[in-house]
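Please read the points below with the sequence and the model open beside you.

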Amino acid sequence: MAAGVLRTVPLAGELTASLISRVAARYGLPTAGVLQLWTCRNSPARHDDGGGARADAEVVLNGAGRRVLAELCRVEPKVLARALPAFTMDDPKISTGREAGVAQARWRAAGTVAGPAAFGCRLCTARRTGQALRAVRYLPRWHRVCLRHGRWLLDADADQPLEHLDVRGAAEVVAAQRRWPGVARHQQGVFLQFVAHGLETPGVLLAVIERLVQGVGEAILGGHAPGCRQGDVDGCDVLKKLRYTQYRALDP
Ligand SMILES: [Zn+2]
């Protein structure tokens, strides 16, 4: 395969599938066309009831497939390995057997590969890459506010059109996210156990998330959420979906 002409750098924590989509956009090609560089025998998951492809659909590559992506992006494989959590994941279905030498890809759900995924802030993506394209990143639920742009980055697994909510009018939300590193430092031991064992969320995490969600709710209901355009999506619906998404993992 010919190497790419344009260099496309990965974002920290980006889904491999998201990087492939951004590469395709840079060349003005449909993602499906670029995906033909890899042999792939399954399809990305779709939303129920005839919905579109899920934004948190992820691809795992085999060794030969990783080399193809590195050449396409004109980025060293070790750089991709550092940035993309799924890049070095092996899937036995494509990493072993007679066809292991063929560049292959396999669709998976991001949540089963490297955790929950959220939309990236397009303004931050533009700062980093020069293009305000959609990106999807693995992002813990307590890092969902872009402090630079005052955006609550929404989970990529929900069947709704928004990528973020504007929370610039909700100072409490931004303040809670700013406080978070301090809270995390104090709670690091508990926090690591929580992540490692999928234990029940410690109360302090729950309290911070609760305040974040409440802040967003107040912002929407108070009419301060420009991300939620009038006549586009009902603010209450977004709030309900947001609550549902945020709490689903916490309250099984
Ligand atoms: Zn941003």
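1. A nonpolar core is here a set of buried Ala, Val, Leu, Ile, Met, Phe, Trp, Tyr and Cys residues joined through C-beta atoms within 7 Å, where a residue is buried if 20 or more other C-beta atoms lie within 10 Å of its own, exposed if 12 or fewer, and partly exposed in between, with C-beta atoms placed from the backbone. The model is a predicted one, in which local features need pLDDT of at least 70 and side-chain atom pairs count only at pLDDT 80 or more, while totals for chains, interfaces and linings use all residues. Residues are numbered from 1 along each chain as its sequence is written.

2. The largest nonpolar core holds 37 residues, and the members that touch the most others are Leu-15, Ala-117, Phe-119 and Val-136. At least two residues of this core come from each of α1 (16-26), β2 (57-61), α3 (63-73), α6 (110-113), β4 (117-119), β5 (136-138) and β7 (151-153); helices (H or I, at least four residues) and strands (E, at least two) are DSSP runs, numbered from the N terminus. Because domain 1 (16-113) and domain 2 (141-248) both give residues to this core, it lies between them, the domain bounds being taken from an automatic or database domain assignment.

3. Which residues does Ala-117 touch, not counting residues up to four places away in sequence? They are Leu-15, Asp-56, Ala-110, Val-136, Arg-137, Tyr-138, Leu-139, Ala-156 and Asp-157, contact meaning that the two C-beta atoms, placed from the backbone, lie within 7 Å.

4. Three strands form an open sheet in the order β1-β3-β2, with mixed pairing, and two strands are said to pair if DSSP finds at least two bridges between them. Since β1 (39-40) and β2 stand at the edges and have a single partner strand each, one side of each is left without a neighbour in the sheet. The pairing of β2 with β3 (residues 104-109) is antiparallel and runs over five bridges, and Val-59 stands opposite Trp-107 in β3.

5. Most residues other than glycine have a negative phi.

6. Thr-96 and Asn-62 are 34 residues apart in sequence, and their C-alpha atoms are 8.7 Å apart in space.
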